[in-house]
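Here are my notes on the model you sent over.

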Amino acid sequence: MTRHSLATLLCLILAVGSVFLSQTTHAAEPPLPTNKQVLAQLDDLYRSKSSHATMTMNVVKRRSTRTLTMEMWTRGQDQALVVIRKPTREAGTATLKNKEELYNYAPRADRLIRIPSGLLGSSWMGSHFSNDDLIRDTSWDKDYTTQLTWKMAGATRVLLARMKPKPGAPVVYTLVLFTMHATHFTPIRSEFYDRGKLVRTMTYDDVKLISGRRIPHRMVLVPANKPKERTEMIYERFELDVVVPESTFSKRGLRRAAKR
Amino acid sequence: MAGNLRTSFLAMAARNLLRNGWRSGLTAGGIAVSVAMMVWTVAMMAGFSGTMVRGATSVELGQVQVHRADYAEKARPERSFEVSAAMLKTIEGVPEVQAVSPRVHLWGLLGNERRSQVTRLVGVDAVREPKVTPVAGAVTLGAWLSAKPSKTGPHEVVLGKDLARKLNVKVGSEVVAFLQATDGSLGNDLFVVRGVVETGNQLIDRSTAFIHLEDARYLGVLDGRTHELAIKTARLDNVNLVAAQLTQALRSDQHKMASAPLKVDPDEQDLNAAVPLLVQPWSELAPDLFKMVELNDKSTSLLYFVIYLIAILSIVNTQRMSAWERRREFGVMLAIGLSPARLFRLVLTETFLLALAGALLGAAMGTALASWHAAVGFDMSMFTDGGSFSYMGIAFNERIFFKLRATTILEPTLVMLVVGTLAGIWPAWKAMRLEPAATIAGRS
């Protein structure tokens, strides 16, 4: 046997061995979590009995970058108030979601303007988020059929959720893919598809522990048709289950919050 | 002798025609009706096209517009330009230019707590705009924008009729405008409805709100800039020439001018770069309308062809029938020594006389009817459920005023005269080729 063929043999053994090894790791995969475990957490990621947050939104468009500082209150699943604090020209501009209704507050006019349902898909406050993202009441758990699998992303194992909307669910996407942390199920990345075409990608990072829950403090949305653009949402401060009175979401509450 | 012969020849033809009044009358009448119908139809189509173009251009466009060349390619709100008083003077100095109005175009949400609509907000000079378009005259409720925007009072807005209805607001109601300004920031303001317009132009009636130029510039963060200059010209038919003169005038006034819309990559574009301006006549601003009018003209020529064809067939038929009926008469004429060539000429002369009488009568009838409709208009309400009707978003009054030109009358008259005479060739040929003996004996 020449040295050359010896080397070949060695390679072969190594290769077979590695295949064998990888099979053993595969066999040692932890059991998949139940859909309920994963989806309940995803549903309650940013929603709770109540929350209060300060955030910065960077809207990067082809020609301009806009930075907004906002304050947000939520209560339950269907009440939310977002007030722009900076820049000064836009300070006080607000969005109020109360039950099924969505309003913008125009501070110069000191009036509310109702956002018609036909505009739910259009841009929220000039960002890449839509009004629908804000008002959405859909539940990952109730409105989607989910299939969980393990996947290796490089050296780390991640949980992949393949979610298809149930018939009749009020959902604009036909497929959502979530990549999640293997043990505590915080999202890492999500892809939204419409009829087989990628519409947008969101990435989540800067996970911090808030009231015992792991919450990504940075979200980046990249629209698929404008890969150079993006909207970043960065939570500066995030409090869960603080006292947020019902009156916050009334017209008076809104004015009070907007003028602060 | 020859003159005498010709006279007797014509007299003979006339006599032949008069001998059977019914037959001749029907043939001439057919030609007359065809000619009259042609004159009337052509005059109506001309009136219709004119009304359509004038309707579209006068209500919304103006006949000529000036934009930044890249705005003409794609109307993005940041593609605006400075308009100085001197520039407006230059434009007004061009012959045939009657008025010029600067405009700002913004899109945003307009409404209140209960309802809102995506709206085209048009910032206009309250005094200049009514000189270019009849919009101020189209106010059905309330009033047009005040000549001078009030510095302290509420901002004024004039809404399209259907927009006001959809928002469920009246004169005096408050509406909020909420939009993303040209710099990406969120602008908002409170307006009070001052008037409601009904123009028949759907873009205006359904989704337009007129506000003061300065309010629009503030709302859209336009910093004194303008999107559009709408220009009214004296006449419709030399708009291209006026546009060329405007380009020339602005160029000599130190403006950079382009000859076509400019495609600019927004990534590369420096906002403050001096992008050239572009002057465009209505045919370029509303190419669909222009194509419509062209198509209209083409389909009308098809219609003319069909009318001519029907007329020709009926004349050929009548002439053939009459040649058949008169074969004995022709046979006798040949038998008593009329040469076949003479007979051919006789029959052709008869046809020519018929065609001439018919064409002249038709021209007279058509001209009379069309001039009547040109003067008092043609009532179109029989085709609608009353009220005005709109076509391609352009409102027509119930009456269409016909447009009658010399060619409109001459063309069908001459064509039918020639065609009618040609239609006589075949029967004349058949008459010439008759076998006299057999024909007289009734054996053919």
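1. A word on strands before anything else: two of them pair if DSSP finds at least two bridges between them. Helices (H or I, at least four residues) and strands (E, at least two) are DSSP runs, numbered from the N terminus. With that in hand, take β6(B) and strand β7 (residues 186–197) of chain B: they run antiparallel and are joined by 7 bridges.

2. Some housekeeping. This is a predicted model, where local features need pLDDT of at least 70, side-chain atom pairs count only at pLDDT 80 or more, and totals for chains, interfaces and linings use all residues. Residues are numbered from 1 along each chain as its sequence is written, while chains are lettered from A and ligands numbered from 1 in the order in which they are written.

3. Staying with β6(B), strand β2 (residues 97–111) of chain B is also antiparallel to it, through 3 bridges. For landmarks, B:Gly111 has B:Val176 in β6(B) as its bridge partner, and B:Val175 has B:Phe191 in β7(B). The hairpin of β6(B) and β7(B) has 5 residues between the strands, and B:Gly184 there takes a positive phi near 90°.

4. How enclosed is strand β6 (residues 174–180) of chain B? Burial here goes by C-beta atoms placed from the backbone: a residue is buried if 20 or more other C-beta atoms lie within 10 Å of its own, exposed if 12 or fewer, and partly exposed in between. In β6(B), 6 of the 7 residues are buried, so the strand is largely enclosed by the rest of the structure. For contrast, have a look at B:Ala85, in helix α4 (residues 85–92) of chain B. B:Ala85 has 7 C-beta neighbours inside 10 Å and therefore counts as exposed.

5. On to the overall form of chain B. The chain has 16 helices and 14 strands, and 43% of its 444 residues count as buried. Its radius of gyration (taken over C-alpha atoms) is 32 Å, whereas a compact globule of 444 residues would be near 22 Å; the globule rule is 2.2 Å times the number of residues to the power 0.38. The C-alpha trace spans about 105 × 50 × 35 Å along its principal axes.

6. Chain B is divided into domain 1 (2–57 + 289–440) and domain 2 (62–285), with bounds that come from an automatic or database domain assignment. The C-alpha centres of the two domains of chain B lie 51 Å apart.

7. Chain A has 5 helices and 13 strands, and buried residues make up 26% of its 260 residues. Contacts are worth a glance too; two residues are in contact if their C-beta atoms, placed from the backbone, lie within 7 Å. Counting contacts between residues at least 6 apart in sequence, those joining residues at least 24 apart make up 42% in chain A and 81% in chain B.

8. β5(A) itself is largely enclosed by the rest of the structure, because 5 of its 6 residues are buried. Strand β4 (residues 94–98) of chain A pairs with β5(A) in the antiparallel sense over 5 bridges, with A:Ala94 opposite A:Tyr105. β5(A) also pairs antiparallel with β6(A), over 4 bridges, and A:Tyr103 has A:Arg114 as its bridge partner in β6(A).

9. Last, the cores. A nonpolar core is a set of buried Ala, Val, Leu, Ile, Met, Phe, Trp, Tyr and Cys residues joined through C-beta atoms within 7 Å. The largest has 68 residues, and A:Leu81, A:Ala94 and B:Val157 have the most contacts inside it. A second, separate core of 41 residues includes B:Ala28, B:Met37, B:Met38 and B:Met333.
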